[in-house]
Amino acid sequence: MKKLGLCILSLMFVLTLAPVINAGDVASGNNADSAKAITISGSVDLPLTYRDGPTNDILEGNPTNTTVDKMDHDVIWAPLITLNADIDLADKVTALVQLENRRLDFAGGVDANTDILGADNTEMAVEQAYVKVGQFINEKLSLTLGLQDLKFTLRKGEGAFFMDISESETIIAPPLAEAVTVSNPVFKDTTEFGGFRFDYGSVAKDNYEVTLFWGGAAFQRSSNFDNGQDNLFGVNVNYKQSDTITINGILAKITNKGKFDIGSPSNKVDIQTIGAGLNWTTLANVAGLDGYAEYYTQSGTYGQYQTGATTWDDVDHSASAYRFGVVYTFNDINGKPYVGLSTWNISGDDGENQQLAGAASAPENNDFVSYESVNDTMIMENNLFGLDLDSNYTALKLNAGIETSFDIDGDKTGEPVHLKLTWAKFTLNEEPVRAGVAWNAPRTNIDDALGTEIDISATIHYNASLSFTLGLAQLTGADFFTSANGANTADSDDLKMVTFDTYLRF
């Protein structure tokens, strides 16, 4: 799926020569109707990121001792190039072909990041390729089939708390691959969804929209996996109760029976997720005050554990996650400054599913698993360059921002500038099993502080197509990662990251 021939690249190059190709310019064979129009668009994202040594130590999972060399800082330039061909075939039939290069390898630690200066991440791949039929059978029903993004968010412009396939890693990491330690590389990859999607209704026109999806989420293949695809089925509902309240609900089933080559007979994942969310504007009839809340609960099976020399049994799965917050915007002040406060809790596991053969009690996995795309903080949560914290934490987040202007082109007209500040405190919920410590050993003298992160960013919108962003991040008090009773992977609890991003869309 990830390989693409030069012929397709050549075709896309030809298509980019004109924004719109009219029907008379498109040739097709076998007496098929020509495309009514083909619209070309795309983007170029050029992030340059500095990541310090302690951050890389945690990503690598190297225990702090005299036999392991500590990691140096690195500078990563990982462009993302996107080309879109939107095809109008008339009769309410459209299609999309989207090409992108990759920025993550199927790997752990710093090896997961591909750098254009030393790897082949300029190789283009098919990211989306689907056909959409509008008014399918019913005027309110549409059918989309093929390779496509699948994203459900409670609030527009934010990352998904539960499902954003194509911007997240697979849920199959699996628990048995964690070994009996937290000193493992942080595993990263990306997924792609292929299948069927039915959408009925429209929130804008009907005050509701029901989405039924069925298919598979595949990730970059590895020789360690016999089956690199999660099977998905579910339904998502958006309902606009009033001008100020919208409601979201989702029911999803995820399965995978692939084998991970570490002695386990199979992953045997079978998880049911039920979630609901509320989004308010003018909360409590206060203009400018918004509020939101989301809650998810999971049950099922997540992996297997060894009950004897050659016998295995299922690991029961029970997990939950929630977040809620408020945002107040000062609409009467120039620049419309805003301030937001939120709390997050994602359940975690203490590693009991790593118990040895013949253990007295059956394990249970409590790590909440999702296709999330939350990147509120650069170090702790960013999937591309950061630690990609997904589960087993509590967080308190405070953010503030303002819109201003700055004349950078000398035309005496200020360009919009968005300034943003984020403060977030992260705490571990459950202590994972440590290297050389039995799963049922008493937990004593554990420092559960994952750290407090402060991010500052400034985005300059040079014009409608081009923007520049400078971001600075510092994580302090990351005691869990330096403690001998914790991960013991970093020699400093002070982590730093700097990014400079250039983004162009056309």
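Reply: Asn382 counts as buried, because its relative accessibility is 19% and buried means under 20% relative accessible area, with exposed being over 50% and partly exposed in between (1.4 Å probe, protein chains only). The model is predicted, so local features need pLDDT of at least 70 and side-chain atom pairs count only at pLDDT 80 or more, whereas totals for chains, interfaces and linings use all residues. Residues are numbered from 1 along each chain as its sequence is written, and side-chain values use heavy atoms, with hydrogens and water left out.

Asn382 is found in the loop between strand E20 (364-365) and strand E21 (393-406). Helices (H or I, at least four residues) and strands (E, at least two) are DSSP runs, numbered from the N terminus. Leaving aside residues up to four places away in sequence, Asn382 touches Lys188, Asn375, Thr377, Leu387 and Asp388; a contact means heavy atoms within 4.5 Å.

The wider setting is as follows. The protein has four helices and 25 strands, and buried residues make up 46% of its 506 residues. Of the contacts between residues at least 6 apart in sequence, 63% join residues at least 24 apart. Accessible areas come from the Shrake-Rupley method with a 1.4 Å probe, and for residues only the protein chains shown count as cover.

Among the helices, H2 (residues 53-60) is largely enclosed by the rest of the structure, because eight of its eight residues are buried. These are Gly53, Pro54, Thr55, Asn56, Asp57, Ile58, Leu59 and Glu60. The elements against which they pack are strand E2 (37-51), strand E3 (74-77), strand E6 (107-108), strand E11 (187-188), helix H4 (479-482) and strand E25 (495-505). After H2 comes Gly61, whose phi is positive, near 75 degrees.

Strand E25 also carries Val498, which counts as partly exposed at 32% relative accessibility. Val498 belongs to a nonpolar surface patch of about 810 Å², made together with Leu48, Val75, Trp77, Leu421, Ile454, Ile456, Leu470, Leu472 and Phe500. Patches are made of residues with over 30% relative accessible area and no salt bridge; like charges are joined within 9 Å, and nonpolar side chains (Val, Leu, Ile, Met, Phe, Trp, Tyr) within 5 Å. At least two residues of the nonpolar patch come from each of E3, strand E23 (449-461), strand E24 (466-476) and E25.

In a regular strand the side chains alternate between the two faces of the sheet. Strand E15 (residues 245-256) pairs with E16 in the antiparallel sense over twelve bridges; two strands pair if DSSP finds at least two bridges between them. E16 and strand E17 (residues 289-306) also run antiparallel, joined by twelve bridges. Gly277 stands opposite Asn248 and has Glu294 as its bridge partner in E17.

A salt bridge is a side-chain nitrogen of Lys or Arg within 4 Å of a carboxyl oxygen of Asp or Glu. By this rule the count comes to eleven. Glu294 and Arg323 form one, with their closest N and O atoms 2.8 Å apart. Since Arg323 lies in strand E18 and Glu294 in strand E17, this pair ties together parts that are 29 residues apart in sequence. Glu294 counts as buried at 5% relative accessibility, and Arg323 counts as buried at 4%.

The side chain of Arg323 also meets that of Glu158 in a salt bridge (3.3 Å, N to O). Glu158 lies in the loop between strand E9 (150-152) and strand E10 (163-165) and Arg323 in strand E18 (residues 312-329), so this pair ties together parts that are 165 residues apart in sequence. Glu158 is partly exposed, with a relative accessible area of 25%. Arg155, Glu158, Glu294 and Arg323 are linked in a network of salt bridges.

Another salt bridge joins the side chains of Lys140 and Asp206 (3.6 Å, N to O). Lys140 is in the loop between strand E7 (124-133) and strand E8 (141-148) and Asp206 is in helix H3 (residues 203-206), so that distant parts of the chain, 66 residues apart, are linked. Lys140 counts as partly exposed at 30% relative accessibility, and Asp206 is partly exposed with a relative accessible area of 22%.
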